[in-house]
Amino acid sequence: MQITTEKKVVEAMIKIYCKNNHGFATLCNQCSELLDYAILKLEKCKFGEQKPSCKKCRIHCFNNENKILIKKVMRFSGRRIIFKHPILTIKHLIK
């Protein structure tokens, strides 16, 4: 269930970022590719349901380009997600 929640959080954050920075109601190509990449990495995480948060993980599985982009997305969306998805945010913070 933790991976499912992580997927929802990353999707919500990317959508917030894309809408505010790229002006799309749906995801642009770059953001859509980033979401697909993030979900693939979550699904293939060797820690499975015991996965730590990416920030605390000792294995950084994102390639350099996507790592930079996802950090940018999270930095931007982190302050905004609580207003769009409060329950999801609380679940994520409790973890």
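Guide: Gladly, starting with a definition: helices (H or I, at least four residues) and strands (E, at least two) are DSSP runs, numbered from the N terminus. Asn66, for example, has its place in helix H3 (residues 64-77). This is a predicted model, in which local features need pLDDT of at least 70 and side-chain atom pairs count only at pLDDT 80 or more, while totals for chains, interfaces and linings use all residues. Residues are numbered from 1 along each chain as its sequence is written, and side-chain values use heavy atoms, with hydrogens and water left out.

Visitor: Why is Asn66 called buried?

Guide: Buried means under 20% relative accessible area, exposed over 50% and partly exposed in between (1.4 Å probe, protein chains only). Asn66 has 14% relative accessibility, so it counts as buried. Leaving aside neighbours within four places in sequence, Asn66 is in contact (heavy atoms within 4.5 Å) with Leu34 and Tyr37.

Visitor: What makes Val73 buried?

Guide: Its relative accessible area is 1%, so Val73 is buried. Val73 also lies in helix H3. Beyond its neighbours within four places in sequence, Val73 touches Met13, Ile14, Tyr17, Leu34 and Gly78.

Visitor: And what makes Tyr17 buried?

Guide: Tyr17 is buried because its relative accessible area is 5%. Tyr17 is found in helix H1 (residues 2-21). With neighbours within four places in sequence set aside, the contacts of Tyr17 are His22, Cys31, Lys72, Val73, Phe76 and Ser77.

Visitor: Why are H1 and H2 called roughly antiparallel?

Guide: Axes are lines fitted to C-alpha atoms, for helices over the stretch in contact, and angles run from 0 to 180 degrees between N-to-C directions. Angles under 35 degrees count as roughly parallel, over 145 as roughly antiparallel, 65 to 115 as roughly perpendicular and the rest as oblique. H1 and helix H2 (residues 29-43) pack at about 165°, with axes 10 Å apart, so H1 and H2 are roughly antiparallel. By class, their contact has 11 nonpolar, no polar and four charged residues. For those classes, Ala, Val, Leu, Ile, Met, Phe, Trp, Tyr, Cys and Pro count as nonpolar, Asp, Glu, Lys and Arg as charged, and the others, Gly among them, as polar.

Visitor: What makes H1 and H3 roughly perpendicular?

Guide: The angle between H1 and H3 is about 80°, and their axes are 9 Å apart; H1 and H3 are therefore roughly perpendicular. The residues of this contact divide into nine nonpolar, three polar and one charged.

Visitor: Why do H2 and H3 count as roughly perpendicular?

Guide: H2 and H3 pack at about 105°, with axes 11 Å apart, so they too are roughly perpendicular to each other. Gln30, Leu34 and Tyr37 of H2 meet Asn66, Leu69, Ile70 and Val73 of H3. That contact has five nonpolar, two polar and no charged residues.
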